[in-house]
Every structure is written in C-alpha cells, then in structure tokens.
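Here are some notes to read beside the sequence and the model. They go through the chains point by point.

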Amino acid sequence: MTRVRAEILSTRSVGAYHSLTLVAPEIAEKVRPGQFLAVQMPEGREFLLRRHFAVHQASRRGGWAGTIEFVVDPHGPGTEWLTSVKAHESLQVVGPLGTAFAYPKRHTNCLLVAEGHGAASLYFLAQELVARHKRVDMVVAAESQERVFKPIEGKRLSQTISIVTADGSLGMPGSVMDALPDMVESTGTEVLYAAGPSATLAQIAGFCRQRGIPAQVAVEERMACGFGLCQTCVVPVARKDGSGYDHLRSCVDGPVFNPARVLWDRWLSEAPTMLPTPPEGLPVVRSWPG
Amino acid sequence: MAGVSRSLSVDLGGIVLSTPVMVAAGCAGTGRELPGLVELRKVGAVVTRSITLEPERGSPTPRVAESPSGVVWSTGLQNPGIDAFVTDELPRLARSSAHVVVSIAGNTLEEYVRLTGSLQGRPEVSGIELYLSGADVELQRPMLGAHADRAAEVAGAVARMSMVPVFAKLPMHATDLPGIAQAVVRAGVSAVTIGGPPPALDVQSQGLRPGLGGVTGWLSGPALLPMTLRAVFETARAVPNTPVIAVGGIRTGDDAVEAFLAGAWAVQVGTATLIDPTAPVTVAQGIVRYLKAKGLASPADVRGRLRVPASFGVVGGEEQTT
C-alpha cells in the first residue's frame, strides 16, 4: 500500500452516484479488483475519518495510464463533500488496500452479482475475467433506475445480464434473489462473485451454499482507518478447520471473503443464534476451488 | 536563535524516547501495518493494543461511528491473548519500533500480575501501560481505575514486579483524577497517562438505534482535546515530579505544545494516526517548529508553563486526598 497525494483528473455524476478519476500511477499499477482506497477528508471539517471506496477502474496503459477511478454513493457529510471537489484539486489517498478477488483457474463460467454501487468493483473484475477468457454473466440490482450503475457498461462486459430494480423502473421488478436462480440455471454458473449490502450478500451466501457454488463476496463493514490499525471493521469468519471463529478485519483480511466461512447470522442479526460449544456446527470449508 | 542545541528526547521514568510522541494504545495494529506507512523509528514509542490473559474477540459491529470532530468507538479490547501476543506480535512490533510499550488489561488483580509475569524478561518490552478503564470483577465496580485505592493496589503490584517502567493510564473522567494519580505514583508507577477516554453513546435517529453494536463506547478525536488538557493540567499539579503523558485529541504539533504547557512530558497520538499514519511524525515536526520559533531548546522549557492566576489554587480532588 502507498500513501499518495493524487490529483483529480475528472469528476462526474453517474446516475445517482458520483465518479472520481485520480492520477495515481503507484496505485494503478498494483491494484486488483476487490481492493479499495482510503481517501482522507479535508482539514477543518467536523468529520474526520477517511472514506473507503472500492476501485472501479485502473488504467495501466494508453492515454489514461496511471489513473484510478472510484465511485461514491453520496449519503453523508464525507461522501457529499467528495461530490463537490473539482478536477485538478488533489486528494490524500492510501491504496491499494485489502484482499482482491481470486480468478478461477479451471472454471470458466463466472456469474457476477451486484447490488447498488457494488457493481463498481465487479465491472473491474469482469474486465479482468474477460481478459482471462472467462465467460462473464451478471445480475445487477438496485432500488431504481438511476441507482443501477452503468447498465450499458454492464451489458458490454457480460454475455448475458439480468437487471432488476425494486421499483421496476429498469429491467425486471424485484431483488437479486428473484433473478439469481434463473441466471445460475441458464448460464451454467461455476463460480460466483458478489458485492453489495451485507443483507443481500447473506442471502446470496445461503443460496450458494445450498447449490454448492463456490463464491467470493466483497463485504462492507463500518471502518475507521482502513489499514488494519484500529480493529473496528471486523467480520466473524469461521476458521478453516471448524474449530471456532475469529473477528477478521475486513480491511486487511478482507474485504473479499469466502461467504461460506462468514457467520452471517452472528454478524448481522441483533440476536444471533448461540453457537454450539465446542462449535462443531461451524462449516468446514475447502479453499477457493480455482 | 542560533546556537541553541535542540532536543526532543524525554526520560519517562527510565525509558528515554527520542521524541515525546508515541502512538496511543489500540492504534498501532499488529506490527505488520504501520511500517509501510510511516517510519516508526522516528516515533518515540509505540503503545500496543491492550492485551488480556485470554484471547478476546471484542465487541459486535459496528464498532465505530463519527461524531462532530470525534469518533465514538468500541472494539471491546479485541486481542489474541498474552501468549499469542508475546510469540507473534511483540517481536514484530519491536523489529520496526524504537520502543514498544505493552498495554495490559485485566479485570482482577491476579490478571494484571499474571500479565506482567508473562512480559517478564522480554527484551522487546520497554515499558508497560496499565489499561484501567475496564470493570473490576473482584470488587464488582464498573471501572477499576476510577478508585484510588484499587488503582494503587493494581499499579503497585505491577510496578513492584516489573523490570521496566510502568505507566498507569487513568480514566480522564474519573471524579478524583489528581487523587488517583497521587495514589498510583505513591504505589510506584513511573508515569501516568492521562487519560483513558470518556464513555460515549452514538444514536442513529433514523433507525432509532445505537450507532455501535456494543451500544456504548468511548469518545476519541479532536473533540477531546480540551478535556485532555484539563485532566493533564490538574494531574500534573498533583504529581509535579512524575512524568504525565497526555492522550486524547492530539493531532498537531500545536496540540502537543498545548499539552506540554498544561504539564505533560510527552503525548500519545491515537485517532490522528488512524486518519494519517504519519501523524506521530508530523506532530514531532510541529513541536520542533514551535520550539524554533520561540528559541527554546526542548519541550521541558514549556512544560507546565501555563500562566495561571496566582489566585487559582485549590484543584480538583487534591484536598480530599491529603
């Protein structure tokens, strides 16, 4: 990871979201899909902590070489401020941070499932998978049309795409889970990747476990530093041997996890079910099949 | 002023730091994270996250919420336990840092004694800091360090055992902070760290729920600085010959100088490190800039030099303890 002062090359709104492109060759060279940036907030404001964004695009070659792009969903003081910064101003950024999605070695049929601006990092992944001659299909879900992130881009990157919106303003009305089973059937999904709100990821995890589909998900948990110092962004993850679970930091041990190992109920439920002691009920999970 | 030989080094009861700036407890990771982001050798010392006897998973999430100029947080002392810490984290922290001060946390006197025992004879340990903001299980009190007699009992036991300097980190909101400081100093600690953060609650009005998974937490960040300064000021007057280490809301060199004026010998930088990992170094640079501008040789030249009216006399709980 590198700490850089990066010039903003361009900033523009994309539907309900806002996209920023930075000149940061040190980061662009190293970053892989799933990894994220920690962006420092301005001095003299009452909000302090860095804000964290998955990388949407890293250009290593061509006219845009050395740039990275990330997508902001404006919903609080920090993210609102980021929509107001202008091109040629600069941001203090640390990156690339966290773990990246692993590419399958043997399998070829990849289904990418995104809700909201989770699509930003999955489009980056889709590019890399296509470059590795994998088949990419997508489910892209959002509340409404303007929250479907770059649907045209999604269509360009995938063999087939299923767009679902909660209000039916674009694609099929419904949620991720309404579209997922059909897509898995019709595309012969061998591995699945997902990014989005944790409640959706939990449903996807349950589905993948039931169907025996190996998967990787990028989680979101409230984070203070982003570099592994503060232990706030933890997620309960079962040990490989099933001997118990640990609170792993989603900034350095994640954000990409094997969903079969995440204890979703313990993480998200207000009254999690008690774990058996000794916890032999915990899943024993094989590593990513490749 | 030419010819002034300037030095930032400070002696905290036996441990000599090259700069009076440390990374505060819980903000230094596990020894893997900081070396890539900041030159730790330029930082006076690193205080580790608080270590307990047994592994501790910590609080449910979310563990952090932003408040105006601050953060409300609760990690619940997540740590691997003293045995794993000593074999894994401690050597790694020591490899990159000038000094490692190990923060230890217990709920009984015995736990503090056993933790100190586990650190005995480890050359990587330059000092021990006592986390005293936890519950006292034996005496069934919510905060062990809020009581002078009990804080002194624990601090005394650890100080007698330890071969390295012991800092007592006292909760800054304790009612009789100067009295507790005097008691732990009498019991033998080398320095007092002021202080443990005040408890806090974040409320999310939209969801009608607390912002933290563990409901209540602690307040950190710049919002805390005036509280820290008051606590340091009153403590330093109560224990004038003992090093006082200021922690809470210090983000810049000027903040550190303010703490020195209030009576601090050194400072710890916590939340600021989480925002900018180079903060402990920039704070030290800011101190140097101030000293240069004033033509001073060392932070000791401003220590406790806050000009207070002579009529300002009776402080906090000083009288109650005599």
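1. A helix in these notes is a DSSP run of H or I with at least four residues, a strand is a run of E with at least two, and both are numbered from the N terminus. The model is a predicted one.

2. Start with the overall form of chain A. Its secondary structure comprises seven helices and 15 strands. The C-alpha trace of chain A spans about 55 × 40 × 35 Å along its principal axes. A compact globule with 290 residues would have a radius of gyration near 19 Å, and chain A, with 19 Å, agrees with this. Of the 290 residues of chain A, 48% count as buried. Among contacts in chain A with a separation of 6 or more, 65% are between residues 24 or more positions apart.

3. Chain A is assigned two stretches as domains: domain 1 covers 2-97, and domain 2 covers 109-221 + 254-259. The centres of domain 1 and domain 2 of chain A, taken over C-alpha atoms, are 23 Å apart. Domain 1 of chain A gives 13 residues to the contact and domain 2 of chain A gives 16 residues. Which strand gives the most to the side of domain 1 of chain A that touches domain 2 of chain A? That is strand 4 (residues 51-59) of chain A, with four residues. By class, this side of domain 1 of chain A has eight nonpolar residues, four polar and one charged.

4. An open sheet of seven strands in chain A has the order 10-9-8-7-11-12-15, with mixed pairing. Its edge strands are strand 10 (172-173) and strand 15 (256-257) of chain A, each of which pairs on one side only. Inside the sheet, strand 7 (residues 109-115) and strand 8 (residues 135-142) of chain A pair in the parallel sense over seven bridges. A:Asn109 has A:Arg135, in strand 8 of chain A, as its bridge partner. Helix 6 (residues 198-211) of chain A lies across strand 7, strand 11 (191-195) and strand 12 (215-218) of chain A, and runs at about 175° to strand 12 of chain A.

5. Strand 13 (residues 234-238) of chain A pairs with strand 14 (residues 245-249) of chain A in the antiparallel sense, over five bridges. Is strand 13 of chain A covered on one face or on both faces? Both are covered: A:Val234, A:Pro236 and A:Ala238 on one side, and A:Val235 and A:Val237 on the other, are all buried. The hairpin has six residues between the strands, and A:Gly242 takes a positive phi near 75° there.

6. Chain B has an open sheet of four strands in the order 5-6-14-11, and the pairing is antiparallel. Strand 5 and strand 11 (199-201) of chain B are the edge strands, each pairing on one side only. Neighbouring strands of this sheet are turned by 40° against each other on average, direction ignored. Strand 6 and strand 14 (residues 216-220) of chain B pair over three bridges. B:Trp73 has B:Trp218, in strand 14 of chain B, as its bridge partner.

7. The two chains touch, with 28 residues from chain B and 22 residues from chain A in the contact. Strand 5 (64-67), strand 6 (70-73) and helix 7 (271-275) of chain B each supply at least two residues of the side of chain B that touches chain A. Helix 7 of chain B has the largest share of that side, three residues. The side of chain B that touches chain A divides into 12 nonpolar, 10 polar and six charged residues.

8. Two peptide bonds in chain B deserve a look. The bond from B:Thr61 to B:Pro62 is cis, with omega near -5°. B:Pro62 sits in the loop between strand 4 (45-47) and strand 5 of chain B. The bond from B:Ile194 to B:Gly195 is also cis, with omega near -10°, and B:Gly195 is in strand 10 (residues 191-196) of chain B.

9. A:His88 has a phi of about 75° and lies in the loop between helix 2 (77-84) and strand 6 (90-97) of chain A. B:Leu77 has a phi of about 55° and is found in the loop between strand 6 and helix 1 (82-96) of chain B. Are these residues buried or exposed? A:His88 is exposed, because it has 11 other C-beta atoms within 10 Å and 12 or fewer count as exposed. B:Leu77 is buried, because it has 21 other C-beta atoms within 10 Å and 20 or more count as buried.

Conventions. Residues numbered from 1 in each chain as written. Chains lettered and ligands numbered in written order. Predicted model: local features only at pLDDT ≥ 70, side-chain atom pairs only at ≥ 80, totals over all residues. Contact = placed C-beta atoms within 7 Å. Nonpolar A, V, L, I, M, F, W, Y, C, P; charged D, E, K, R; others polar. Rg over C-alpha atoms; globule rule 2.2 N^0.38 Å. Pairing = 2+ DSSP bridges. Axes fitted to C-alpha atoms, helices over the stretch in contact; angles between N-to-C directions. Domains from an automatic or database assignment.
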